[in-house]
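Let's take a walk through a protein model. Have the sequence and the 3D view open while you read.

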Amino acid sequence: MLIRLRYWTAFLVVGGIAIGVASHWNKQPRHPVSFSDSAAADLSLGSGSDGTTPGGDNSETARAATGADLLSRADDIVTWTRVVGAGDSLSGLLSEAGLDTDARSHVIRAIGSEFDLRHLKPGHRLALKISADGFPEIATLEIENGSRILATFGAAPSVQRLAPDLDSVRRAGEATVGSSIFAALDDAGIPTRFATDLELILAAAFDLRTALNGGEHIRLMWREYRSGDRVVGEPVIDFAQLDLAEGRYEILWPGNNSRRTRIFKEGQLVQVFDQPIPGARLSSAFGLRMHPVHGDMRMHSGVDFAAEQGAIVAATQTGKIVFMGKRSGYGNVVELDHGDGIQTLYAHLSAVNEALQVGQRVAAGTEIGRAGSTGTSTAPHLHYEIRVDGRPVSPLADTRLRDPGNGTPRPTKSLALVDSLQSELDRLLASSG
């Protein structure tokens, strides 16, 4: 009798102490098979609209072997994949794949050691390689922007987070507003989420929805990320040109390695905003809003940035650390004092930079922590505030942290960048027409 001992070791953090946890699982497979990391990397995540791969074995016998969407069978190994839908849990998906309670438990603990399963959401993709006896050989969970959690259960079990290997493709589109900006983008085949991006970035200047009367022209340029022919993650807007009744607005969002947003009106630089996470996008504006946890209207005293767990958070300007620690609702917090009664606050951090201490002066761009979901939070993000004499002000509208000494961009340099992006936008629209 051949008995295989399967195990993986994870580290759980309890009260700041790392504890090694070894899991053991004995099975008697028909044909022992061991997969290397390179083999695991070849695990297909499917390309069909329903999460399945065309051409797979879809016979009733094959379906019975896994209890779910069987994709292919080779050498007694079944490949199964599914796009996570609304209300799905990892345990439920593994059950659909035909795994028993013991097998599900091992896969959940393995993936959970690298990814907070409370943040599983629609659009993520689960893929499994399952041996003929129902034993999972490989489990892959593709999360935001193509990142993957890869768990192998062979002779050398491991769990690792893999960076995405994606191609960036730049696209462009234009639309004329009729009933709403959302409908205009939808009719033009432009990602409708950009309506929210535009509203949030312009919120400190005016309410975009009420400023549109119909007939306004919008031109946009964005990036999407692809794995082969499949678009992965959300598209990212780079540049927008809006022709409104009061004039032309041009917006330059920060690239992956930039922390600065610029807004122009009629060729004049009217707003510059330095943010704590390079390339991050606003997910909530300053002001009254429906609270995502408590469900009532409350003042949002800062702005939120969507960010992956562990994204580097940097000081927006030079200042002195006046607080590092936990605060009710905010979770892990770092506060900086910039003089003249001005402070910045960075909240919901998963960790703070242990090399720093209260009273220390830090330069703009210094890493002060990592993005997370501590405190009252529904998902990883960064809450960023600017306070003047203890009173929150809009981080996008207030200019007291931005003066020539703090690196305000030269108008000629910014205008040259606008011209370059407009030329690229013109080229892309001409080629698509």
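## A pair of charged side chains

At 27% relative accessibility, E367 counts as partly exposed. R370 is partly exposed too, with a relative accessible area of 31%. The side chains of E367 and R370 meet in a salt bridge, with 2.8 Å from N to O. Keep in mind that this is a predicted model.

## The whole protein

Now zoom out. The protein has eight helices and 27 strands. Of its 433 residues, 46% count as buried.

How much of the contact list comes from residues 24 or more positions apart? Among contacts with a separation of 6 or more, such residues account for 57%.

Time for some strands. Strands of a sheet pair through backbone hydrogen bonds, either parallel or antiparallel. Here you can find an open sheet of six strands, in the order β9-β10-β11-β12-β13-β14, and the pairing is antiparallel. The edges are β9 (167-176) and β14 (268-274); each has a single partner strand, so one side of each is left without a neighbour in the sheet. From one strand to the next, the twist averages 20 degrees.

Let's step across the sheet. Ten bridges hold β9 and β10 together, and T176 stands opposite H217 in β10. Another pairing, β10 with β11, also has ten bridges; there, R219 stands opposite Q241 in β11. The hairpin of β10 and β11 has two residues between the strands, and G228 takes a positive phi near 70 degrees in it. Next, β11 (residues 230-244) and β12 (residues 247-252) pair over six bridges, with L252 in β12 as the bridge partner of F239. Helix α6 (residues 193-201) packs on the sheet, where it touches β10 (217-227), β11, β12, β13 (260-265) and β14. The direction of α6 makes about 50 degrees with that of β11.

## What sits inside

In soluble globular proteins, nonpolar side chains tend to be buried together. The largest nonpolar core in this model has 53 residues, and L198, L220, L242 and Y384 have the most contacts inside it. Helix α6 gives the largest share of this core, five residues. Apart from that core lies another one of 25 residues, including A103, L126, L128 and A139.

For a covered strand, look at β10, where eight of the eleven residues are buried.

## More salt bridges

Side chains of opposite charge can pair when their charged atoms come close. The structure holds 19 salt bridges. In one of them, E96 and R82 meet at 2.6 Å, N to O. E96 is in helix α3 (residues 90-96) and R82 is in strand β4 (residues 77-83), 14 residues apart. Buried or partly exposed: which is R82? At 16% relative accessibility, R82 counts as buried, because the cut-off for buried is under 20%. E96 is partly exposed, at 29%.

E224 lies in strand β10 and R171 in strand β9, so the pair ties together parts 53 residues apart in sequence. E224 is buried, with a relative accessible area of 7%, while R171 is partly exposed at 34%. Finally, R170, R223 and D238 are linked in a network of salt bridges.

Notes: Residues are numbered from 1 along each chain as its sequence is written. This is a predicted model: local features need pLDDT of at least 70, side-chain atom pairs count only at pLDDT 80 or more; totals for chains, interfaces and linings use all residues. Side-chain values use heavy atoms; hydrogens and water are left out. Two strands pair if DSSP finds at least two bridges between them. Helices (H or I, at least four residues) and strands (E, at least two) are DSSP runs, numbered from the N terminus. Axes are lines fitted to C-alpha atoms, for helices over the stretch in contact, and angles run from 0 to 180 degrees between N-to-C directions. Contact means heavy atoms within 4.5 Å. Buried means under 20% relative accessible area, exposed over 50%, partly exposed in between (1.4 Å probe, protein chains only). A nonpolar core is a set of buried Ala, Val, Leu, Ile, Met, Phe, Trp, Tyr and Cys residues joined through side-chain atoms within 4.5 Å. A salt bridge is a side-chain nitrogen of Lys or Arg within 4 Å of a carboxyl oxygen of Asp or Glu.
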